Amino acid sequence: MTARIAASLPVPTADALAGSAALSRDIAARIEAAGGWIGFDRFMDLALYSPAQGYYAGGAHKFGAGGDFITAPELGSTFAQTLAAQAAQLLALTSPQIVEVGAGSGQLAADLLLELARRDQLPKCYGILEVSGELCARQHETLGKRAPHLLPRVRWLDHLPEHFDGLVLANEVLDAMPAHLVSWNGATIAERGVAVKDGQFIWSDRPANGRLLERARVLAAECAIAPGYLSEIALLAPAWVAQWAAILGHGALLLIDYGFPRREYYHPQRDAGTLMCHYRHHAHGEPFYLPGLQDITVHVDFTAIVEAGCAAGLDLLGYTTQSNFLFNCGLTEILARTPASDPMRYLPLANAAQKLVSPAEMGELFKVIALGKGISEPLLGFVNGDRSAAL
C-alpha cells in the first residue's frame with residue numbers, strides 16, 4: 001500500500017486497526033504453514049470470511065452512506081418495489097418461496113416483502129442464506145423494524161437446501177466470491193499469489209496448474225490474450241451456480257451483479273483485471289491494505305456463469321442491463337405512485353432511480369441474469385433489451 005493512497009483514505013479506529021492486525025497475523029501464519037505461499041483466492045477468502053475478523057464476519061458497518069459502499073437496495077425502496085414485479089411472476093410460475101443469498105443489511109428483504117404484501121403475492125417462506133452471524137442479527141433487526149408483521153415468514157439458513165422450488169435471489173453476491181489471479185506471459189501462465197516479506201504481504205507468482213491452468217489456456221485461445229495480461233479467473237462462482245442447478249426443481253436463479261460477457265471481460269484494454277477494493281466509499285486496487293476492514297471484489301464473467309448453469313441443466317431465461325430490467329419491471333409506474341408535485345417525497349425517489357438506471361452509475365455496468373428449470377413463459381424483466389446473444 002503506497003503512502004500516497006493510504007494518506008487519501010479515512011483513518012480507522014484503534015480497535016479496527018487492532019482487529020486488522022490480528023487477522024493479518026493469522027493470514028501470515030497460514031501462508032507460512034502452506035509453505036510460504038497461497039493463491040490470491042485463498043487470501044481473498046481469509047480477508048473476507050475469516051470467523052470474527054473477516055470483512056463480512058466482523059462488526060464494521062458495511063452498507064449505505066455510513067459504510068464502505070452503497071448497494072441498490074440501500075438507495076431506497078424503489079429497487080425492491082420494482083424487482084417485486086419479476087419476483088411475483090416467478091413465484092406464480094413456480095412455487096411461493098424465496099431464498100435470498102447474502103441479504104446484506106436486510107433492506108432488500110424488508111422492501112421486497114412489503115411490496116409483495118401490497119400486491120397480495122407474499123411468499124409462504126422467505127429464506128435468507130447468510131454466512132455472517134453479525135449480518136444475520138442486522139437483518140433480523142431491519143425486518144423487525146420495517147416489517148415486523150412479516151417476520152414470521154422469514155427463516156435464516158446456514159447451508160444450501162437439499163431441494164428448492166421457487167425464486168433464488170442474489171444481489172451483489174458473485175462479485176464477493178474468491179477468485180484466482182492469473183498472469184499470461186506467452187507460453188508461461190502463472191498464478192499470482194501472496195507471500196510474506198519483512199512482515200508485509202507481497203505478490204508472488206507460481207506456475208499455474210490443474211483446472212486453473214486448463215481454464216487459462218482456453219481463455220488465452222478464445223480471447224486472444226496477449227503476453228503481459230493480468231486478470232481474474234473465477235472458479236467458485238460458476239461452481240456455485242452449478243450447485244444450485246442440482247438443488248432447483250422448478251424455479252429460477254435471479255442474479256444481479258456488475259460484470260461483462262467474456263469477450264468484454266478479457267478485452268485487450270482491460271489488461272490489469274477488475275480487482276477492486278472499497279473502504280469508506282473510496283475505491284482502490286490494494287487488497288493488502290488493512291485486511292478485514294475493506295471489501296475486495298472482482299467483476300463477474302457472465303459467460304462463465306451461463307456455461308456452468310447450462311452444463312448443469314439450467315436454462316438461460318434472460319440477460320440484460322439493470323437499467324433495461326428495471327424499466328421492463330415497471331420502474332416508471334413505481335415512481336408515478338408519488339406525485340412530482342410533492343418534491344420533498346418525489347425528488348429523493350427520482351434521484352435514486354437515476355443512480356439505478358444511469359449508464360454513468362449502475363444502469364449499464366450492473367447486469368441481471370436469470371437461469372432456471374421448468375419455466376417456458378418469457379420473463380417480465382427481459383421482454384425488451386435482452387442481451388443473451390452477447391453471451
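Start by selecting Ala 84, which sits in helix H4 (helices are DSSP runs of H or I with at least four residues, strands are runs of E with at least two, both numbered from the N terminus). Ala 84 is buried, since its relative accessibility is 0%; here buried means under 20% relative accessible area, exposed means over 50%, and partly exposed is in between, with a 1.4 Å probe and protein chains only. Now show what touches Ala 84: apart from residues up to four places away in sequence, you'll get Leu 112, Glu 115, Leu 116 and Arg 119 (contact means heavy atoms within 4.5 Å).

Before going on, a word on what you're looking at. This is a predicted model, where local features need pLDDT of at least 70 and side-chain atom pairs count only at pLDDT 80 or more, while totals for chains, interfaces and linings use all residues. Residues are numbered from 1 along each chain as its sequence is written, and side-chain values use heavy atoms, with hydrogens and water left out.

**Into the cores**

Which residues touch the most other members of the largest nonpolar core? Select Leu 112, Tyr 126 and Leu 254: those are the ones, in a core of 47 residues. A nonpolar core here is a set of buried Ala, Val, Leu, Ile, Met, Phe, Trp, Tyr and Cys residues joined through side-chain atoms within 4.5 Å. Helix H4 (residues 78–93) gives this core its largest share, nine residues. Another core lies apart from it, with 39 residues, among them Phe 40, Ala 47, Cys 223 and Phe 260. As background, nonpolar side chains in soluble globular proteins tend to be buried together.

Go back to Tyr 126 and show its contacts. Beyond residues up to four places away in sequence, Tyr 126 touches Ile 98, Glu 100, Ala 109, Leu 112, Leu 113, Arg 153, Val 154, Arg 155 and Leu 169.

**Two positive phi angles**

Next, select Asp 120, in the loop between helix H5 (107–118) and strand S3 (125–129). Asp 120 isn't a glycine, yet has a positive phi of about 60°. Is Asp 120 buried or exposed? Exposed, because its relative accessibility is 71%.

Now jump to Glu 172, in the loop between strand S5 (164–171) and strand S6 (180–185). Glu 172 also has a positive phi, about 55°, without being a glycine. Glu 172 is buried, though, with a relative accessible area of 16%.

Select Glu 191 in strand S7 (residues 188–197). Glu 191 counts as buried because its relative accessibility is 10%. Leaving aside neighbours within four places in sequence, the contacts of Glu 191 include Trp 37, Gly 39, Asp 41, His 180, Asp 205 and Arg 206.

**Loops and the tail**

Ala 234 is in the loop between strand S9 (229–233) and helix H8 (236–247), and is partly exposed at 31% relative accessible area. From Ala 234 to Phe 79 it's 155 residues along the chain and 28 Å between C-alpha atoms.

Thr 338 is in the loop between helix H12 (331–336) and helix H13 (343–357). Thr 338 is buried, with 8% relative accessible area, and touches Arg 345, Tyr 346 and Leu 349, leaving aside neighbours within four places in sequence.

Then pick Val 383, in the segment after strand S16 (366–373). Val 383 is partly exposed at 49% relative accessibility. Val 383 and Asn 328 are 55 residues apart in sequence, and 6.7 Å apart in space, C-alpha to C-alpha.

**Zoom out**

Finally, show everything. The protein chain has 13 helices and 16 strands, and of its 391 residues, 53% count as buried. The C-alpha atoms fill a box of roughly 60 × 50 × 40 Å, taken along the principal axes. Among contacts between residues at least 6 apart in sequence, 78% join residues at least 24 apart.
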